[in-house]
Amino acid sequence: MTSVLVTGGSGRLGRPLLQELVGAGFEVRAVSRAARPDAGGVRWVVADLTTGQGVAEAVAGVDVIVHLASAPYKGRYTLKVELDGTSALLAAARQVGVRHLIYLSIVGADQVPWGYFRTKVRAERLVSEGGVPWTIVRGTQFHGFVVEALRAMARVGVVVADPGIPAQPVDAGDLARHLVSLVGRGPGDQIEEFGGPEVRTMAELAESWLRARGLRRRVLRLRVPGRLGRAFRAGHLTTKARPSGDTTWEEYLRRT
C-alpha cells in the first residue's frame, strides 16, 4: 500500500485532502507540531518543520509527500515554514528515497510582485532542485479565502473591489481530489496549475456574496494602484489549465 505524508493536514485544504486520501485507500499520516490522536484512518506524527525536529522520523517509510504547510504574512516565521521547512523536508525525503513530493503553490506566484508570492517561488525552486521527484501545483485562491476577505471588509460597512481584477476561486475539495489523482499518477517534474470552473470579477464576487448573505453594503469600486494592481488586472491570478474544479462560486455560497 502506498504511504502518503501530508504537511498542513489541519488546514483549509489539508482536511479534505486527508479524507480523500483515506477514501482512495492510501496509508495516510499527517504532520502536527503537537501530539494528536489518530482518527479517521489518519496517523498523526509530531514534527516541526521550522526546526527540523521529528521530520526524519515523520518521513521514514513514506512513498509520497504532499507538502501543504504554509504560514502566510507572518514575517520571518513565514520564511522559516516555507524555506527552512521545505529544505528540511527535502533533505529527509532524499535520505529515505521518497518517490514523489507534491508542493502546493499559487497561480501567478511568478508574475505578481507580492512578497509572499516571491517566497512561494523560492520554495518552488527548492523543490525543483531538491533531488526528489516532484510536482508543483499552483492553485487559484480558495473560495473560503475570498469569503474571509469580503467578511472583513463588510464589518466596517463597505466592500472594496477593483472591477478590473478577474478571479477564479477554487473549491478546496475539488483541489484535494486533484491532488489525490497526482499521488496515483506519480511525479511529473513540472509545474501544473489548477483553478476553479469560472472567471469572475472581484466586484461580481462581492455582489453575489452580499446577496447570498442578505447584507446591505456598498461595493466601492476602486482600482488597486501600481504594479500590483496591473498584475492583478492582467489576469495573473487566473489560469486556463485543465482539468479544473467543478464547484462554482454560487454553488459554494449555497453550500456554506
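Is Val 199 buried, partly exposed or exposed? Val 199 is partly exposed, because its relative accessible area is 48% (buried is under 20%, exposed over 50%, partly exposed in between, with a 1.4 Å probe and protein chains only).

This is a predicted model, in which local features need pLDDT of at least 70, side-chain atom pairs count only at pLDDT 80 or more, and totals for chains, interfaces and linings use all residues. Residues are numbered from 1 along each chain as its sequence is written, and side-chain values use heavy atoms, with hydrogens and water left out.

**Val 199**

Val 199 sits in the loop between β9 (191-194) and β10 (200-201). Helices (H or I, at least four residues) and strands (E, at least two) are DSSP runs, numbered from the N terminus. Neighbours within four places in sequence aside, Val 199 is in contact with Pro 166, Ala 167, Gln 168 and Thr 238 (contact is heavy atoms within 4.5 Å).

**Sheet**

An open sheet is formed by seven strands with parallel pairing, in the order β3-β2-β1-β4-β5-β6-β9 (two strands pair if DSSP finds at least two bridges between them). β3 and β9 are the edge strands; each has a single partner, so one side of each lacks a neighbour in the sheet. From one strand to the next the twist averages 25°. β1 and β4 run parallel and are joined by four bridges; Thr 7 has His 67 in β4 as its bridge partner.

**Helices**

Helix α4 packs on the sheet, and its direction makes about 165° with that of β5 (axes are lines fitted to C-alpha atoms, for helices over the stretch in contact, and angles run from 0 to 180 degrees between N-to-C directions). The table gives α4 and the strands that it touches.

| Element | Residues |
|---|---|
| α4 | 115-128 |
| β5 | 100-106 |
| β6 | 134-139 |
| β9 | 191-194 |

In helix α1 (residues 14-23), the buried residues are Gly 14, Pro 16, Leu 17, Leu 18 and Leu 21. Their cover includes β1 (3-7), β2 (27-32), β3 (42-46), β4 (64-67) and α6 (172-185). Gly 25, with a positive phi near 95°, follows α1.
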